[in-house]
Protein chains: 2
Amino acid sequence: MDIQSYLSQKKSIVDKTLYKLVPSAKMFPTSVHEAMRYSLFAGGKRVRPILAIAAAEALGSKTSGLLPLAGSLELIHTYSLIHDDLPAMDDDDLRRGRPTCHKVYGEAVAILAGDGLLNMAFEVLSDPGGTEAVSAKRLLAIIKEISTASGVFGMVGGQVVDMESEGREVDLPTLEYIHTHKTGALIRASVRVGAIYAKAGKRQLSALTRYGELAGLAFQIADDILDLTGTQEELGKDAGSDLKKDKKTFPSFYGLAESRRRAYEVAAKAIDSLQGFGRAADPLRELAEYIVNRVN
Amino acid sequence: MDIQSYLSQKKSIVDKTLYKLVPSAKMFPTSVHEAMRYSLFAGGKRVRPILAIAAAEALGSKTSGLLPLAGSLELIHTYSLIHDDLPAMDDDDLRRGRPTCHKVYGEAVAILAGDGLLNMAFEVLSDPGGTEAVSAKRLLAIIKEISTASGVFGMVGGQVVDMESEGREVDLPTLEYIHTHKTGALIRASVRVGAIYAKAGKRQLSALTRYGELAGLAFQIADDILDLTGTQEELGKDAGSDLKKDKKTFPSFYGLAESRRRAYEVAAKAIDSLQGFGRAADPLRELAEYIVNRVN
């Protein structure tokens, strides 16, 4: 299969869903709606929604009813980027090659745009509309999955420890905590959302969960490597920002070559966890490789 | 009935629920858990959870299964206070007689404590635990209700317009937009959550919705009056802060005496909307009066 055309086809479907969820019609109050759209349509790769879709496909499921749920993963991801970029947090000026949300709309509107996107995710999840493709019980399980991954036992916790670790000696367990929570939790949840939607059995869910955890880890190692080796143009943000902020990363523990080796090893393990699945899981397998080979 | 003893009894039940939802045991990362608890247990009156409970009682329903859902309304309310107080927003130093969350824990942790509380509300709502007191379908309706009231079409929208109106000429429709969204939306939702939980019929739900809208309006007029007439000791925050910030309020449009008259008139209308309900709705009736008579 051609992963590039798979990605671009799915990205376009996800983008269409997001345009429906956050329409461009003038809405009051305009500033916060514009700020939400500015960050949501900044050229994201839509990795999380695509992982959810690919996980459902791996189980042979149709995915039209999954699209709004997958879209809500991107709303949550975007909320976290806006808040993480704030001056009080990582204080980043550039994101995906453009000024960050607070640089354009001011801090107050940026905080509220993040809050708006987070709330909107749950508006969508509690009332995804259209067909009754997914039972109320399963929707609740999906909401639980996403809110836990997004909250204080997931991304929020990871961001707290990340910030509190800046400029300090960080040991490997702490680095692992940051990565599994800040990035890993939502990637794991994305795969599980697709699996729960597609009525995964217990063993299927556990295999896909393991895939999600390994994919999240591979994603983060690759991110750390890219921060060191990518150019500003490729990354759409300052290159080497981890070094500048004195942030510990995989390469700072293991060196660049060993980090690369581990990224490929983890991706291979992710693929191994799909042994019980047939050809329908090929997109997930290709995605694991894409995650470590990407240049941004 | 004695509303004071009703309020203190229900407040203690709500507080117990909140202690269970956000336990005091040391949780990692400690800073954000402490910040969440600091703001959640700062002596709030628990008006929103109590309104939900009283609405369910008005329909003759037991309320033990409602408690975690009612508690989540307070998690949302607390998140909104923490974010509204931030330097980039209303820049308030005092809240309920104590330094605001960001004054104690710093801006970054305060933003993340707000995010953590907001996410936690949906963790609780999607998995309230215990008995199967409420069907999955009804839980989804409640999540939709709360997320919409909290998001860009509710509180977030109200806060945006409130901030963008500071120091500008504000007309009455704008003031009304701010009030119905910033405060009114979650109070209305609180009453509706109790009603939906208690399986309100269509006409009952519509009467209780009207009650919630009027109670929210009465609450806000009373708040505006208190900001002018209360002392810092009574309010637990700077008195006269609306004037200092050049914020338009009900008294600045109508004067103090006429605002008081209107507050009582609106509370009376709220009580009128409960005509189809028996004695079980007495707490709601008393709450409408309490809302305009309170001193903080």
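Reply: Copies are superposed by least squares on the C-alpha atoms of residues with pLDDT of at least 70 in both, where pLDDT is the predictor's confidence in each residue, from 0 to 100. This is a predicted model, in which local features need pLDDT of at least 70 and side-chain atom pairs count only at pLDDT 80 or more, while totals for chains, interfaces and linings use all residues. Residues are numbered from 1 along each chain as its sequence is written, and chains are lettered from A and ligands numbered from 1 in the order in which they are written.

Me: Which residue of chain A comes closest to the rotation axis?
Reply: A rotation of 180° with 0.0 Å of shift along its axis superposes chain A on chain B, with an RMSD of 0.0 Å. That is the relation of a two-fold axis. Of the residues of chain A, the one that comes closest to this axis, at 2.7 Å for its C-alpha, is Ala136(A).

Me: What average pLDDT does chain A have?
Reply: The model as a whole scores ipTM 0.96 and pTM 0.97. Within chain A, 99% of the residues score at least 70, and the average pLDDT is 94.

Me: Why can the copies be said to meet through the same surface?
Reply: The copies meet through the same surface because the interface residues of chain A are also interface residues in chain B, and the share for which this holds is 100%.
That answer rests on one comparison between the chains, and the value is 100%.

Me: How many of the 20 residues of α6(B) are buried?
Reply: Helix α6 (residues 107-126) of chain B reaches 29 Å from its first C-alpha to its last, close to the 28 Å expected at 1.5 Å a residue, the expected span being 1.5 Å times one less than the number of residues. A residue is buried if 20 or more other C-beta atoms, placed from the backbone, lie within 10 Å of its own, exposed if 12 or fewer, and partly exposed in between. By that rule α6(B) is largely enclosed by the rest of the structure, because the buried residues number 19 of the 20.

Me: Is Thr209(B) buried or partly exposed?
Reply: Thr209(B) is found in helix α10 (residues 202-229) of chain B, and, not counting residues up to four places away in sequence, Thr209(B) touches Arg188(B) and Arg192(B). With 18 other C-beta atoms within 10 Å, Thr209(B) is partly exposed.

Me: What covers the buried residues of α15(A)?
Reply: In α15(A), the buried residues are Pro283(A), Leu284(A), Arg285(A), Leu287(A), Ala288(A), Tyr290(A), Ile291(A) and Val292(A). What covers them includes α1 (3-21), α3 (47-58), α10 (202-229) and α14 (256-272) of chain A.

Conventions:
Contact = placed C-beta atoms within 7 Å. Helix = DSSP H or I, 4+ residues; strand = E, 2+ residues; numbered from the N terminus.
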